[in-house]
Amino acid sequence: MYHSIQVPLRTSADATPQGSSVPACALGEVQSAVPVSRNLALRLITCPDGDLPSLLAAARAAKERFKPGVITYSRKVFIPLTNLCRDYCGYCTFRRDPGDPGAHTMTPDEVLSVARAGEKLGCTEALFSLGDKPELLFPEMRQSLRRLGYKSTLHYLEAMCEVILRETRLLPHPNPGLLSAEWISRLAAVSPSMGLMLETTNADLLGPGRAHDNAPDKVPAKRLRTIEQAGKQGVPFTTGLLIGIGESSPDRVDTLLAIRDLHERYGHIQEVIVQNFRVKPTIPMAHWPEPPHGEMLRTVAVARLLLPNVNIQAPPNLSAPYYDDLMDAGINDWGGISPLTPDFINPERPWPHLEQLRLRTEAKGFQLQQRLPVYPEFIPAVLSKPGLLAEKLRNCTAEDGLARRAA
Ligand code: SF4
């Protein structure tokens, strides 16, 4: 049963000194492309509105040095393998308890039928999103898994990734929550990339009445450990931060720095997603304020400047109708866009029609191009390991490392 999370009188983001002007010399430091320090990032992320255009210009220029002229997206189907989850995040509308209306674990036939429908529409990614280890909390999930013939949700996920690889032209990208070293290795054998949102490094959000109260898998140290394990195994990894859930602007910088630190050590972070909290009537945080658009733009811009050579993504549906601005802030990717399945995580926010997205991307001076779930720069490493995965990946990769057009 959800408890309601009360709106704070002041969010912790308010505690950040806003309006401390970014001196022209600070933006000069950025322009000279030195690695941006924590101190500079803190000043940039809280810059006053008057300095925002200069910050955005610096971020867009950094994006153009990294991936000029192009914004990518992944044409995907969303496969919510199970929406049962043992965590209760205050902002989540996806999760269900057994017996709740809409609670569902997909059958293998359902998985294949969604993937095949996506294949007909030119999709190249099967994004598996699912609750974290529901069988640890719910006997009903243990029964479902037994009926399906699997010991755990991860065993079932592994089998479904393999089915997608064997029977369709899609490539799986699993997002199953915390993973051990062994499970990273097993899933990496059946998917070219995987993901786990770090969300935030602020462990205070696990406290009573906060967003991660009763969400044992959202302990930042555990999430960092999973991302680090993936790095040790050289697995192309998608992660990111969730803004507006009670963290402060310095927390956002520290979360980005934690990701940068892992990427500097292992070089495996293929993409950083900056996702903004959107309120929904049925969640415990139903009365929580959404982060203003300006905070989203500042966070994306600082992400770009802290990680100038990493793909930065922001989902357009969560910033509609103003999502074009995200291109000014330095993103180079729109994430997964489905021509078929709704965004099950944010069902009230439909993805923009692909043609709309193309027109709006071009209006900003960029070409919209379809990528695979694994980014071009990480493909050679996946191809170097012989087997079914490399064979399937080779078949769907064009010469430039993006998605090969269906014949
Ligand atoms: S956000 Fe993820 S981990 Fe949290 S409750 Fe929802 S499905 Fe579970």
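1. Among chain contacts between residues at least 6 apart in sequence, 76% join residues at least 24 apart. Two residues are in contact if their C-beta atoms, placed from the backbone, lie within 7 Å. This is a predicted model: local features need pLDDT of at least 70, side-chain atom pairs count only at pLDDT 80 or more, and totals for chains, interfaces and linings use all residues. Residues are numbered from 1 along each chain as its sequence is written.

2. The chain holds 14 helices and nine strands. These are DSSP runs numbered from the N terminus: helices are H or I, at least four residues, and strands are E, at least two. Of its 407 residues, 50% count as buried (20 or more other C-beta atoms within 10 Å of the residue's own, with C-beta atoms placed from the backbone).

3. Tyr73 sits in strand 1 (residues 70–82). Tyr73 is buried because 23 other C-beta atoms lie within 10 Å. Leaving out residues up to four places away in sequence, its contacts include Asp333, Trp334, Gly335 and Leu357. Gly335 is 262 residues from Tyr73 along the chain, yet their C-alpha atoms are separated by 5.1 Å.

4. Helix 7 (residues 181–188) has Trp183, Ile184, Leu187 and Ala188 buried. They lie on the same side of helix 7, because they cover an arc of only 135° around the axis (the arc of the directions from the helix axis to the C-beta atoms). Their cover includes helix 6 (153–167), strand 3 (171–175), strand 4 (194–195) and helix 8 (220–232).

How values were computed. A residue is buried if 20 or more other C-beta atoms lie within 10 Å of its own, exposed if 12 or fewer, and partly exposed in between; C-beta atoms are placed from the backbone.
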